[in-house]
Every structure is written in structure tokens, then in C-alpha cells.
Amino acid sequence: MKLLLRILITAILVMAIAYIMKGVIVDEFTTALTVAIILALLNFFVKPIIVLLTIPVTIFTLGLFLLVINAIMILVCDHFVDGFSVNSFWTAMLFSIILSLSQSLVYQITGDTK
């Protein structure tokens, strides 16, 4: 149940951020729900492998390379989901930062911990 709530919150945040940002387009709520599910799957299966392979770069950049990895996850999600579009890498990076911060804030308010 907690996972479904997290996916629903992420979908709502994706819709809200896409409404605010000009470079991000989400057609409808079902698209945002699909984006939330695909992002969850990518973050669970693909991201740990990429983080493991880029440990030297991440250490060298003092962890800032993780922002690049998050942006790449958004771009991969853009590739797989029809109706979800991100204009550029920098837009994806800003979108991922805003999404991460807003998720942290909402989870903190609702008392949901990771």
C-alpha cells in the first residue's frame, strides 16, 4: 500500500512540475502515472548498476555526478513513455532536482520515511 501511495504522489508531482516547467510535457495523468512507475523501476534496477560503474567519477566530483545519473534516468524515461517529453539534458537535470526535493518534502510532511 505504501508503494502505491508513493507512486501516486510521484505522479501528482510529475504533473505539477510539468505544469510549471516549460521544457517538460506530460499529456495526461495516466502518462504521469506511467512515468512514476517507469522511474521507480529504473531507480530500482538500472540506477544501482550505473552508480556502481561510476563510483570513481562520483567520488572525484564529490557526489555531484549523481545529479547527472538522475537526469539520465529522466531522459531514459522520456525515451520509453509516449506523452512524456523533456526538451534537453539541462531540463531533465532541473526536473530531477525539483522532483527529488519535492518528494522529500512531501514524504517528510506525510511522515513517510524511506
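At what angle do helix α5 (residues 65-80) and helix α6 (residues 89-110) pack? They pack at about 105 degrees, with their axes 8 Å apart. This is a predicted model, where local features need pLDDT of at least 70, side-chain atom pairs count only at pLDDT 80 or more, and totals for chains, interfaces and linings use all residues. Residues are numbered from 1 along each chain as its sequence is written, and side-chain values use heavy atoms, leaving out hydrogens and water.

**Helix α5 with α6**
- The angle makes α5 roughly perpendicular to α6 (65 to 115 degrees).
- On the α5 side, the residues that meet α6 include Leu67, Val68 and Ile72, and their partners in α6 include Phe89, Met93 and Ile97.
- The residues of this contact divide into 11 nonpolar, two polar and no charged (Ala, Val, Leu, Ile, Met, Phe, Trp, Tyr, Cys and Pro count as nonpolar, Asp, Glu, Lys and Arg as charged, the others, Gly among them, as polar).

**Helix α1 with α6**
- Helix α1 (residues 2-20) packs against α6 at an angle of about 135 degrees, with the axes 10 Å apart.
- Among the contact residues are Arg6, Ile9 and Leu13 of α1, and Phe95, Leu99 and Tyr107 of α6.
- Here the residues split into nine nonpolar, three polar and one charged.

**A look at asparagine 43**
- You will find asparagine 43 in helix α2 (residues 29-45).
- Asparagine 43 is partly exposed, with a relative accessible area of 37% (buried is under 20%, exposed over 50%, partly exposed in between, with a 1.4 Å probe and protein chains only).
- Leaving aside neighbours within four places in sequence, asparagine 43 is in contact with Pro48 and Met73 (heavy atoms within 4.5 Å).
- Asparagine 43 and methionine 73 are 30 residues apart in sequence and 7.5 Å apart in space, C-alpha to C-alpha.

Notes: Axes are lines fitted to C-alpha atoms, for helices over the stretch in contact, and angles run from 0 to 180 degrees between N-to-C directions. Helices (H or I, at least four residues) and strands (E, at least two) are DSSP runs, numbered from the N terminus. Angles under 35 degrees count as roughly parallel, over 145 as roughly antiparallel, 65 to 115 as roughly perpendicular and the rest as oblique.
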